[in-house]
Amino acid sequence: KTRFWTFGEYLTFYKKNKTYMVYSVPRALRSDVYLPPPLHCGGYEDKLADTVMWFSGGGTKTVLHIDDSDNINCVFSGWKEAVMIEYPKYKDKINLDPRDGYSKVDVDRVDFTQFPEFSEIEYHVAKIESGDCFFMPYKWFHVI
């Protein structure tokens with residue numbers, strides 16, 4: 001059975017446990033999440049599909065995957081590392097599980113026997129710290 005928590009209950013739990021949450025910013029909190037000033041030009045705000053927050057107690061990351069839209073990732077506290085792989089260039093070398101859309105490759109410990117194609121893949125790494133934002137293009141493979 002699914003249990004729904006208040007945001008306050010989650011924050012109390014989050015402070016004591018290594019956990020993460022990815023969820024759309026609740027309407028009541030949206031005024032507290034600011035869009036960085038460079039993104040206020042050209043009507044960009046009107047084109048945003050969603051504002052998603054990722055809370056992590058540290059040591060969490062996604063698996064290798066793609067998203068179906070451009071992303072801007074901003075870090076408000078702490079830091080994250082992003083590993084990115086250009087989709088158009090390597091789409092035929094990285095297989096995603098059709099059931100969930102994720103890769104079975106552990107980018108921290110690639111098994112080149114099982115995934116020899118990864119020895120030919122160029123990747124980019126970015127460390128994003130408090131106050132930083134970075135752009136993730138549509139369909140680029142990534143781990144955050």
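How many disulfides does the structure hold? The structure holds 1 disulfide, a disulfide being a pair of cysteine sulfur atoms within 2.5 Å. The model is predicted: local features need pLDDT of at least 70, side-chain atom pairs count only at pLDDT 80 or more, and totals for chains, interfaces and linings use all residues. Residues are numbered from 1 along each chain as its sequence is written, and side-chain values use heavy atoms, with hydrogens and water left out.

**The disulfide and the cysteines**

- A disulfide is a covalent bond between the sulfur atoms of two cysteines.
- Here the bond joins C74 and C133, whose sulfur atoms are 2.2 Å apart.
- This pair links distant parts of the chain, with C74 in strand β3 and C133 in strand β6 (residues 133–136), 59 residues apart; strands are DSSP runs of E with at least two residues, helices are runs of H or I with at least four, and both are numbered from the N terminus.
- The torsion about the S-S bond of C74 and C133 is about 110 degrees, so the disulfide is right-handed.
- C74 is partly exposed at 27% relative accessibility, and C133 is partly exposed with a relative accessible area of 36%; buried means under 20%, exposed over 50%, and partly exposed in between, for a 1.4 Å probe and protein chains only.
- C41 counts as exposed at 53% relative accessibility, and its sulfur is too far for a bond because the closest cysteine sulfur, in C133, is 13 Å away.

**N73 in strand β3**

- N73 lies in strand β3, which spans residues 71–74, and N73 is partly exposed, with a relative accessible area of 25%.
- Leaving aside residues up to four places away in sequence, N73 touches D132, C133, F134 and M136, a contact being heavy atoms within 4.5 Å.
- N73 and D132 are 59 residues apart in sequence, and their C-alpha atoms are 8.2 Å apart in space.

**The second largest pocket**

- The second largest pocket has a volume of about 320 Å³, the volume being the space filled by probe spheres set on grid points that are joined across faces, edges and corners.
- On a 1 Å grid over the protein atoms alone, a pocket is an open set of points where a 1.4 Å probe fits, with protein on both sides within 12 Å along at least five of seven lines.
- The second largest pocket is lined by 14 residues, of which F4, W5, Y10, M21 and Y23 lie nearest its centre; lining residues have an atom within 4 Å of a point.
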